[in-house]
Structures are given as structure tokens and as C-alpha cells.
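I opened a new notebook page for this model. I list what I looked up, step by step.

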Amino acid sequence: MALNRAVKLSTIAATLAELGAKPTQSLGQNFLHDQNLARWIVEQVGIGEGEPWLEIGPGLGALTEYALERSKNGTLLEKDDRIIHWLRAQFPALEVVHGDALEYDPRVLFSRGPVKVFGNLPYYISSQLMFQFATEPSPASSMTFTLQRELAERMCAGPGTKEYGAITVLIGRRWKVKLLRILPPHVFTPVPKVDSAIIILTPREDDALPECDGALFTKLVKTAFSQRRKQMKKLLQLDRWPELCAAVGILETARAEELSLAQWVTLTNFAAGATADHSTKAQDLTGEIFDVVNERDEVIGQRPRGEVHREKLRHRAVHIFVFNKRGELFLQRRSRWKDMHPRDWDSSAAGHVNSGDSYADTAPRELEEELGISAPLTELGSIAACAGTGWEFVKIYRAQHDGPFRLPPAEIECGGFFTCEQIDGWIAARPGDFASGFRECWKAVRERV
Ligand code: SAM
């Protein structure tokens with residue numbers, strides 16, 4: 001068996017013959033045989049040396065060999081059992097996962113760091129796969145996909161066009177989508193009936209798009225596009241409709257396809273009762289007063305928040321671990337607007353104990369403020385003030401809830417449930433992804449969860 005053969009028509013035919021296999025239509029098998037194009041696609045993915053990557057549906061390795069030239073830190077995800085042994089022999093340096101990509105758990109990738117995801121996707125599941133990897137929290141730093149041209153054009157469409165739909169808006173809130181190139185059918189074998197296109201999705205991080213409640217955004221967009229010819233007013237049934245339309249800048253008779261991404265965000269914030277301004281900035285915390293405590297956690301005075309942190313004075317905080325029925329822990333990713341640990345992963349909910357309050361008063365309040373829920377709380381452990389907790393005495397509480405949660409957009413960027421084993425592996429591999437307070441809490445109670 002030849003190693004690292006450039007994939008062209010003759011090698012595809014030879015490999016299939018060697019495997020005693022024919023391309024399977026139900027697996028969306030159209031193999032790319034244009035090597036220049038394959039090399040160009042992998043160039044667009046932009047894998048750096050040693051950078052982690054994941055290829056969905058590698059098939060006979062047309063893209064794989066060029067990705068491997070750039071980094072050996074790759075994973076292949078292929079469903080076809082006729083191909084899998086061949087892939088393992090051909091690419092021994094790579095992790096080869098045999099299975100349905102739709103059942104693959106992207107959360108396992110967080111411990112590898114932001115991952116470049118790419119593939120010439122099987123068309124029959126392209127949009128599901130895109131949602132699977134793009135939905136928050138996503139471990140992908142970019143996604144480069146070959147899709148059916150029609151779907152690619154929908155992903156990049158602007159408001160007011162017939163291509164513009166729920167998928168454009170839902171993916172577009174967090175990802176910038178760029179159409180890189182149209183591919184004619186004849187670059188694949190067997191030749192498909194339709195054109196393909198390559199798109200790249202990169203995180204919409206530094207954009208001016210304000211934050212909003214992601215779950216509410218999704219619900220509103222899906223409802224409004226469920227019957228796209230119908231006026232949104234009838235579908236959404238929101239209070240203060242004329243006022244909302246004035247704030248968003250649309251007619252009261254508007255349909256879903258008329259709203260830009262920014263207007264969808266404004267609409268969501270209006271529906272949530274938030275102002276657009278509130279949604280982009282963390283709360284003003286300058287007025288907060290904390291109890292300062294001694295090394296025995298006894299109150300010895302009161303000081304403003306800024307002074308407490310600046311002078312490393314001992315104070316009090318709670319962390320709450322919310323588990324779902326499956327025993328997975330909900331982690332929140334702190335918003336980029338936070339004054340401390342922006343964009344770090346943290347406990348489900350956490351907060352300072354305000355002057356005059358107890359730990360037990362604070363925990364249910366934080367649960368309500370950060371996740372929008374109330375649930376019975378039990379004490380799980382405590383930690384004495386130390387540098388790792390930012391000089392906080394911490395009491396850790398446990399609650400059970402399956403969500404959904406109402407996350408305040410100014411405080412929390414996104415969140416998700418993770419298995420305890422996934423968190424163990426992730427903290428071990430990438431401790432810097434987490435707020436130090438969470439790491440201390442995890443260490444303190446890991447044996448009990
Ligand atoms: N990357 C190869 C290329 O460019 O020649 C193959 C692309 S072909 C369009 C799609 C590939 O996805 C095939 O190898 C097929 O077996 C694989 N595939 C189909 N359904 C899959 C699934 N549910 N999970 C993982 N791989 C799948």
C-alpha cells in the first residue's frame with residue numbers, strides 16, 4: 001500500500017478497487033480528485049504548525065495529506081467502515097475516529113484548545129453538522145466547509161433576499177461567513193448533479209454586534225422564519241409591538257427576512273426587556289461594598305469593591321455548581337466585558353457576598369441573577385481565602401437543574417454542560433482557559449461530585 005499518495009482520479013479508482021468498494025450515494029461520497037484545489041482548500045483552513053484540527057468525512061484523504069503536512073495534531077472523523085482501516089494505515093500519525101459525525105461530541109475538543117474544523121461535507125447532513133460545531137459553546141476557531149452551492153449562498157445571504165433565512169441569522173450571530181469559491185461538479189468523482197462552494201466561518205469576536213440572550217434569540221428567529229411569508233407581528237405575539245418596531249427600525253408589518261442581524265439582536269434585547277446599551281457593557285460595580293474578614297472569616301470592616309481587590313483584602317464569595325440529570329456540570333464562559341477574568345470558563349454561577357449578607361443569602365440570589373432559575377441548594381464545600389481565590393473565602397453550593405437558563409448577556413457569553421471527566425481533562429491540558437477561582441473550587445470538591 002503506497003503511503004501519502006496524491007489523490008487523483010486514478011488513485012481513487014485504485015483505492016476503491018483495493019477496498020472492494022464503490023462510492024456510496026447514501027454517504028454523500030463524491031471524492032475530490034483535483035489536487036491543486038485540495039491543496040488550496042487546506043491553505044484556506046490555515047492550520048499552523050502543531051495546531052489541532054478536525055476533518056469531517058476524510059474519505060480517501062484528498063485534503064488529509066495536505067493538512068498532515070502542516071500539523072500532526074489532527075483527528076479524522078469518518079463513518080464508512082470500508083474506509084476506516086485504510087485511513088488508519090495511511091495516516092498512522094493521526095487520531096482516526098470511526099463513527100457518525102452527527103453523534104460526535106464536540107465538547108471533547110475543548111481540552112485540545114481552539115480547533116480548526118474542516119471538510120468536504122456529505123451534503124445530506126451539511127446543515128446539521130454546521131449547527132453541531134457552530135452552536136455555543138463551540139471548540140472551533142474556524143470552520144472551512146465545502147457545501148452544496150445553494151446552502152453556501154444561504155449562509156452568506158443579506159436581508160431582503162430569498163436566500164436569507166433562519167440558518168443565515170442563527171449562524172451569523174456568532175460567526176462571520178465568507179464564500180471563498182464555487183466548485184464545478186467535475187472536480188469530484190462521481191460527478192454530483194449540483195455545484196458546490198467553499199465557505200469559511202470565523203468567530204465574530206471583535207464586531208460591533210451587541211450581546212443578547214442567545215436562547216431567546218434562537219427562539220425568536222426560528223419562530224419568525226417558521227412561516228416566512230407571514231408578518232412577524234402575528235408569529236411572535238410580543239408585547240409593545242409598535243414600540244419595539246420603532247426601536248428596531250422596522251415597519252409593524254415587517255417579515256422575518258427584512259431584518260438585519262443587528263436588528264435581530266435589538267429585537268431580542270427589547271423582547272428581553274433589556275436596552276441595547278445594557279447588553280454591551282458589564283454592570284457598574286463601583287458602588288458595591290463588601291465585608292472584609294480576617295483569617296478566621298470574621299467580619300472586621302467594610303470596604304468598596306475596588307479597594308478590596310486592589311489591596312488583596314480577604315472577603316467572601318459563593319460558587320454554585322449546577323448539575324443536570326446526567327451528572328454533567330454547567331460551566332459559564334464569562335463575558336468579554338467583565339473586569340476580572342474576561343472570557344474565562346467559570347462555575348455555573350458565582351458572586352461576591354455583599355456587606356451585611358450571608359453566604360446562604362447570596363447563593364440563591366446569584367443563581368437567579370446569573371442563570372435565571374431557583375433550585376434547592378446544598379453546601380458542597382468551602383475554601384479558605386488564598387491567592388488562587390483572589391483572597392476570597394468561598395462556600396461552594398450544589399444544585400440540580402437541566403436548564404434552559406436565562407444568561408445575562410453583559411455578564412455571561414455562553415455556557416454548556418460538560419461531563420466531570422471532560423472538565424478534568426480540559427483543566428489538566430489548558431488550565432489557563434479557566435478562572436483561577438473555579439480551578440480552586442474544582443480541586444476542593446472534585447472527589448465529592
Ligand atoms: N473528504 C473527501 C474528499 O474530499 O474527497 C470525501 C468527501 S465526501 C463528499 C464525504 C465523506 O463524508 C465521505 O468520506 C463519507 O463516507 C463521509 N461521511 C458521510 N456521512 C458521514 C457521517 N455521518 N459521519 C462521518 N462521515 C461521513
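**Entry 1: cavities**

By class, which residues make up the lining of the largest cavity? I counted 20 nonpolar, 10 polar and 4 charged residues in that lining. I note at the start that the model is predicted.

The search gave 4 cavities of 30 Å³ or more. For the largest cavity I got a volume of about 440 Å³. Its lining has 34 residues. Closest to the centre I found Gly28, Gly57, Glu78, Asn120 and Pro122.

I keep one reminder on the approach. A probe the size of a water molecule, rolled over the atoms, shows where empty space is left.

**Entry 2: the ligand**

Where does the ligand sit? I found the ligand in the largest cavity. Strand 1 (31–32) and strand 3 (74–78) are the elements that give two or more residues to the shell around the ligand.

I looked up the shell itself. It holds 23 residues, and the closest are Gly57, Glu78, Ala101, Asn120 and Tyr124. Sorted by class, the shell has 11 nonpolar, 7 polar and 5 charged residues.

**Entry 3: polar atoms at the ligand**

Which ligand atom lies 2.8 Å from an N or O atom in the side chain of Tyr124? I found a nitrogen atom of the ligand there. For Asn120, a side-chain N or O atom is 2.6 Å from an oxygen atom of the ligand. For Gln29, I read 2.9 Å between a polar side-chain atom and a ligand oxygen atom.

On its own the ligand has 590 Å² of accessible area, and the protein covers 98% of it.

**Entry 4: backbone checks**

I moved on to the backbone. Most residues other than glycine have a negative phi, and most peptide bonds are trans. I looked for exceptions.

The peptide bond from Thr189 to Pro190 is cis, with omega near -15°. I placed Pro190 in the loop between strand 8 (188–189) and strand 9 (196–203).

Gly403 and Pro404 are also joined by a cis peptide bond, with omega about 0°. I found Pro404 in the loop between strand 17 (392–400) and strand 18 (412–418).

Lys312 has a positive phi, near 55°. I located Lys312 in the loop between helix 13 (305–310) and strand 12 (315–323).

Definitions and conventions. Residues numbered from 1 in each chain as written. Predicted model: local features only at pLDDT ≥ 70, side-chain atom pairs only at ≥ 80, totals over all residues. Heavy atoms only, no water. Near = heavy atom within 4 Å. Polar contact = N/O pair within 3.5 Å; in protein donor to acceptor, adjacent residues only side chain to side chain. Areas by Shrake-Rupley, 256 points an atom, 1.4 Å probe, with all protein chains shown as cover. 1 Å grid on protein atoms, 1.4 Å probe; cavity = no way out; pocket = protein on both sides within 12 Å on 5 of 7 lines; lining within 4 Å. Sits in = over half its atoms within 2 Å of the grid points. Helix = DSSP H or I, 4+ residues; strand = E, 2+ residues; numbered from the N terminus. Nonpolar A, V, L, I, M, F, W, Y, C, P; charged D, E, K, R; others polar. Points joined across faces, edges and corners; volume = space filled by probe spheres on them.
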